[in-house]
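Reader: I've got this one open on my screen and would like a close look at one part of it. Pick a spot, start there, and take me through what surrounds it.

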Amino acid sequence: MNDSQPPCPSMLDGHFFSKEPLMSQDNYVFSPPTPTALPIDAETSSFPVRRVYCVGRNYAAHAVEMGHDPDKEPPFFFQKNPDNINLSDSFSLPSHSQDVHHEIELVVAIGKGGRNIALEEAMSHVYGYAVGLDMTLRDLQSQAKKMGRPWEIGKAFEKSAPCTPIVKKDGVDVESGAIWLKVNGELKQEGDLNQLLWKVPEVIVHLSALFELAPGDIIMTGTPAGVGPVQKGDRLHGHIDGVGDLELSVV
């Protein structure tokens with residue numbers, strides 16, 4: 001072999017690998033962004049977020065108020081982006097929407113990944129829970145639906161996922177418990193986790209059949225009825241029994 005030639009790749013277990021060292025971070029054309037991470041309640045460590053999955057129409061009453069059949073149907077999913085997570089105490093109204101809605105949700109944090117997870121194993125993949133808001137640009141979402149287009153523009157916008165720190169799952173019961181949201185002290189959304197059409201283990205089963213879950217994934221599990229618009233100056237207070245409270249101002 002000519003020493004001037006680049007080394008040939010070798011083969012291990014049917015996969016080629018190079019003898020050259022992997023590219024270091026110093027070789028990136030710019031510095032990689034800092035990963036989004038959620039604080040963990042009562043700990044100094046944090047939970048790095050890989051993906052944000054959202055479950056659509058997972059409460060019957062909300063399905064009705066959005067004009068859909070409340071009968072249980074296979075769950076459907078969409079995604080927000082990890083950097084849509086908002087850990088501040090404020091939410092900025094986007095200037096390109098005139099109808100921004102609140103949607104209070106239980107957030108499930110995945111600590112162990114897998115594909116085609118069995119129902120009886122699903123809860124072993126959960127790390128903990130948080131309270132989240134799936135803020136939605138309802139006018140842009142509705143326009144996209146009418147045109148038969150994806151409605152990511154109405155969901156995955158900047159800072160559209162306010163979220164609390166994660167509480168570890170030990171001792172937290174998400175089979176039932178109050179979930180509600182108040183706007184300026186007035187109750188707007190109210191439900192119980194036992195009203196979820198697809199319970200947390202079932203959501204994990206369905207989602208893992210479509211995507212390979214990994215540590216760092218979070219799942220926003222759907223919102224109860226009562227979604228509605230927010231205005232600048234509003235004060236939002238969301239609560240889930242055993243999980244926590246989320247309070248922020250609309251600016």
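Author: Let's start at H96, which touches L137 and L140, leaving aside residues up to four places away in sequence (contact here means heavy atoms within 4.5 Å). Between H96 and L137 there are 41 residues in sequence, yet their C-alpha atoms are 9.0 Å apart in space. H96 is found in the loop between β8 (90-91) and β9. Helices (H or I, at least four residues) and strands (E, at least two) are DSSP runs, numbered from the N terminus. With a relative accessibility of 47%, H96 counts as partly exposed; buried means under 20% relative accessible area, exposed over 50%, and partly exposed anything in between (1.4 Å probe, protein chains only).

A word on what you're looking at: this is a predicted model, where local features need pLDDT of at least 70 and side-chain atom pairs count only at pLDDT 80 or more, while totals for chains, interfaces and linings use all residues. Residues are numbered from 1 along each chain as its sequence is written, and side-chain values use heavy atoms, with hydrogens and water left out.

Now follow the chain to strand β10 (residues 104-110). 7 of its 7 residues are buried, so β10 is largely enclosed by the rest of the structure. I104, L106, V108 and I110 point one way from the strand, E105, V107 and A109 point the other way, and all are buried. On one partner, strand β11 (residues 126-133), there are 7 bridges to β10 and the two run antiparallel; I104, for instance, has L133 as its bridge partner there. Two strands pair if DSSP finds at least two bridges between them. Strand β17 (residues 218-220) also runs antiparallel to β10, with 3 bridges. In β17, A109 has I218 as its bridge partner, and V107 has M220.

Step back and you see the sheet that β10 belongs to. It is an open sheet of 6 strands in the order β6-β5-β17-β10-β11-β14, with mixed pairing. At the edges stand β6 (76-80) and β14 (167-168), each with a single partner strand, so one side of each is left without a neighbour in the sheet. Helix α3 packs on this sheet, touching β5, β6, β10, β11 and β17, and its direction makes about 80 degrees with that of β6. (Axes are lines fitted to C-alpha atoms, for helices over the stretch in contact, and angles run from 0 to 180 degrees between N-to-C directions.)

Next, the charges. A salt bridge is a side-chain nitrogen of Lys or Arg within 4 Å of a carboxyl oxygen of Asp or Glu. R138 forms one with E103, the closest N and O atoms being 2.7 Å apart. This pair links distant parts of the chain: R138 is in helix α2 (residues 138-146), E103 is in the loop between β9 (100-102) and β10, and they are 35 residues apart. R138 is buried at a relative accessible area of 6%, and E103 is buried too, at 4%. K155 forms a salt bridge with D134, again with 2.7 Å between the closest N and O atoms. K155 sits in the loop between α2 and β13 (161-162), D134 in the loop between β11 and β12 (136-137), 21 residues apart. Both K155 and D134 are buried. Put together, K80, E103, D134, R138 and K155 are linked in a network of salt bridges. The whole structure has 8 salt bridges.

Another of them joins the side chains of R50 and D217, at 2.8 Å from N to O. R50 lies in the loop between β4 (46-48) and β5 (52-56) and D217 in the loop between α3 (200-210) and β17, so the pair ties together parts that are 167 residues apart in sequence. R50 is partly exposed at 33% relative accessibility, whereas D217 is buried at 0%.

F76, F78 and W151 form one aromatic cluster; rings of Phe, Tyr and Trp (its six-membered ring) pair if their centres lie within 6.5 Å, with planes under 30 degrees apart counting as stacked, over 60 as edge-to-face and the rest as tilted. F76 is partly exposed, at 25% relative accessibility. The charged end of K145 sits over the ring of W151, 5.2 Å from its centre, where "over" means NZ of Lys or CZ of Arg within 6 Å of the ring centre and within 35 degrees of the ring normal.
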